[in-house]
Amino acid sequence: MDNHSKLLFPPEEKLEDQVKFEYFSRDFPEGIPIGAPSELRKLINASKPTKCVTHGWMSGGRKDSSVSMRKGFLHKYDANVLVLDWSAISGNVFYPIPMMKTPEIGKYYGAYLNYLVEELGVNPEDIHLAGHSLGAHISGFAAREVKSGKIGRITGLDPALPGFDIGLVSSGTLSSSDADFVDVIHTCAGFLGYKLPIGHADFYPNGGGPPQPGCSVLKLQKVNNANKAMEDDDTKDTKTMDFDDILVELGELGRFQIIMYLLVCLPVLFGAANSLSYVFTAGVPDYRCFIPECENASNPIFEAPWIDWALLQDNSSQVIGFRADQCDRFAVNQTAWIADEEQCTKSIFDRNNIVKCTEWVFSGSDYTIVNEWNITCTENQWKISLVGSSHFAGIIVGSALFGILADRWGRKLVFIFCILLMTASGVLQVFAPEYITFVVLVFVNALGTAGVYPLAFILGVEMVGKSKREITGMVLNYFYAVGEALVALFAWISRDWKELQLIVSAPSIVFIGYYCIIPESVRWLMANSRNQRAKLVIMKVAKINRVKLSEGLLKAFPDEQENQETDYNPKDRMLPIIRQMLRSRTLIIRFSIMYFIWAVNAFIYYGLSINATSLSGNKYINFALVSLVEIPGYSLAWICIQRLGRKLSLVLSLLLCGITCTLTIFISKVASNWAVIALFLLGKMVVTAAFGVVYVHTAEMLPTVIRSGGVGMASTTARVGALLAPFVPLLGVYFKALPMLMFGGLAIAAGLLALKLPETYGKKLPETVLEAIRL
């Protein structure tokens, strides 16, 4: 069968797969998909009137008359509104096919009406069916299926004429016997609409026939584009255009988008540096006990010849930078001390008597908060861990908070505020008078840092077309990786935590100028009915991209007066969408899996990053390598998501990470240290690739109105995993291989669960919950 034949005579499918229902109300204006009559039990309020809408030929449940009727009903009534969408059948350009299906669809429709009446207690007199064209006849056929009582009212809008007038449809037509009251409006009578009166009241405005003032007949040359025009879009009215359509004219990645994208990437360098600077500012330098019997407090020498006499040998276990022997020394035998004329000799130390130190000598290589506030010995190790915990706690709060605020108040303002908060708190850390203040400032700094990367990512994704979204996601990650590596470079050069903190924080104050440079996200403006502001941004983009906009595009935006009359409250848009998502079992399962993957990703990603300084060799070089290996990781992700898609790329990267981490357990016993480092870097590379894929994948699965908040919440979940990462090395005390075994096992589990996620490659960004469900 050729393509034209398939278009006219598509393969037979089950009716339930072709006919869909959606429930709407004032509480759920975005709509909730209904898969079976039983799903209406928790939605239908039997005390309210019930309005049912059915579209006609070459239309859909989210287009044309269906949208107008549904919105009109909800504007006037606090009602249950049920919309029947049979566009999978009605979209067939060969009219006889959908025409002959109307009785079967009416019977299927009637089963839902029977459930409302018999199971949910809806009074049939409170049910009003409204249908256009073929939908008018379907409404009549459905009403006949009701077994208890009679439907209160049916409104027929131009009931279809062809085929019905000569008896080709066995069930006949809509008629006055189908309901207590049937009213019919004829506007195309005798041409495409029924001419004879078939209701209790038939209206013939302007004679009932075409042409009607202000209306026109569908041009035949546009029929082939009808299916494309039926794409679901409940976030805009019939006057507006989808931003992906606008980008076809503007250019998916033109000069303007490239400039703006590079500008939003620059703060990410400093966001990345601030995210991991604590690894060095709270790093543990080498230190030993101060031995007053052998050295002068004003000029101690770290590597003294008598150290082997006075201090314990380095043969005890090390726990996150601390060694038990660093705070222990051999006691001095006072008798021998006096006998040796108070000279530092081997004989004065009692090697059978170990005491705790009260003072310490630090190596001159690094100066961190450990030197600043004498945070020494294993009993104080919690203070160093608390710095990391405070950082990730701030990340958790900031990721959730600023994602939600960005959906409510806009991406641009919240993005700039996060940068300024990161800058101010980072600089103030240098002036912290004591440890507690420093930890509080670390928390505040993490709050700001948490918003910089996700909002830069959202701004980047929302300004480009769907074929260029991979670029915006991946290149942003390159900046993040370079920002991490720069921390190692700055720490190596400065060797002073205060200088390092000033270097990574102070310069970002210049980004306050972005208020005058960076525009607000057009997608956010359109999704939140800020149409005139969106139009101005689009015109600016067109000017810089050297593109002339079509008249049709410019007319797609409501005028200023119309826009100002809109009673808009962002909260009113977000909360119903969230409630809809929570009512969808599909979305609950999908995002539970996705958020688990985020947590596992962060757990492994930060676990490997934090432990990079523990590898043998130069800790600065090791840290830089572990950071820079993210660039090939993100590049790998970029290539894979274009060739393999989002889903398969995520699955393979997680599984490979799990295998790599597990192999390090076995190879460390038989191979050199370089082999272990190579596997360590490979594991970091593929978990980075997974991170790059999951950001794009998550953003493409969320509706526009809550996309920023959803990515922010996912980032929050990830930080819970990151919060646990610093404590994983402690598990090695009980079983040395347990940390890497845990990394490997969780990565494999996450990879297998990712098989349950939908593919989003090449698909339009969902604007509504229904579009998200249908991915």
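Student: What should I know about the model before we start?

Tutor: Residues are numbered from 1 along each chain as its sequence is written, and side-chain values use heavy atoms, with hydrogens and water left out. This is a predicted model, where local features need pLDDT of at least 70, side-chain atom pairs count only at pLDDT 80 or more, and totals for chains, interfaces and linings use all residues.

Student: In what order do the eight strands of the open sheet run?

Tutor: Two strands pair if DSSP finds at least two bridges between them. Helices (H or I, at least four residues) and strands (E, at least two) are DSSP runs, numbered from the N terminus. The sheet is open and its pairing is mixed, with the order S2-S1-S4-S3-S5-S6-S7-S8.

Student: Which strands stand at the edges?

Tutor: An edge strand here has a single partner strand, so one side of it is left without a neighbour in the sheet. From one strand to the next, the twist averages 20°. The edge strands are S2 (32-34) and S8 (201-203).

Student: What is the bridge partner of aspartate 183 in S8?

Tutor: Strands of a sheet pair through backbone hydrogen bonds, either parallel or antiparallel. S7 and S8 run parallel and are joined by three bridges. For aspartate 183, the partner in S8 is alanine 201.

Student: At about what angle to S3 does helix H3 run?

Tutor: Axes are lines fitted to C-alpha atoms, for helices over the stretch in contact (heavy atoms within 4.5 Å). Angles run from 0 to 180 degrees between N-to-C directions. H6 lies across S3, S5 and S6, at about 145° to S5. H3 (residues 64-76) lies across S1, S3, S4, S5 and S6, and its angle to S3 is about 170°.

Student: How many salt bridges does a search of the whole structure find?

Tutor: A salt bridge needs a side-chain nitrogen of Lys or Arg within 4 Å of a carboxyl oxygen of Asp or Glu. One of them joins lysine 101 to glutamate 104, with the closest N and O atoms 3.4 Å apart. The search of the whole structure gives 14.

Student: Why are lysine 101 and glutamate 104 separated by about one helical turn?

Tutor: Lysine 101 is buried at 16% relative accessible area, while glutamate 104 is partly exposed at 39%. Buried means under 20% relative accessible area, exposed over 50%, and partly exposed in between (1.4 Å probe, protein chains only). The two are about one turn apart because they sit three residues apart in helix H5 (residues 96-118).

Student: Which helix supplies the largest share of the nonpolar patch?

Tutor: Patches are made of residues with over 30% relative accessible area and no salt bridge, like charges being joined within 9 Å and nonpolar side chains (Val, Leu, Ile, Met, Phe, Trp, Tyr) within 5 Å. This one covers about 550 Å² and is made by Ile659, Leu663, Phe666, Ile748, Leu752 and Leu755. Leucine 755 is in the loop between H30 and H31. The largest share, three residues, comes from H27.

Student: How far apart are the C-alpha atoms of alanine 699 and glutamate 462?

Tutor: Alanine 699 sits in helix H28 (residues 673-701) and is buried, at 1%. Leaving aside neighbours within four places in sequence, alanine 699 is in contact with Phe457, Arg707, Val711 and Leu765. Alanine 699 and glutamate 462 are 237 residues apart along the chain, yet their C-alpha atoms are separated by 9.7 Å.

Definitions and conventions:
Accessible areas come from the Shrake-Rupley method with a 1.4 Å probe; for residues, only the protein chains shown count as cover.
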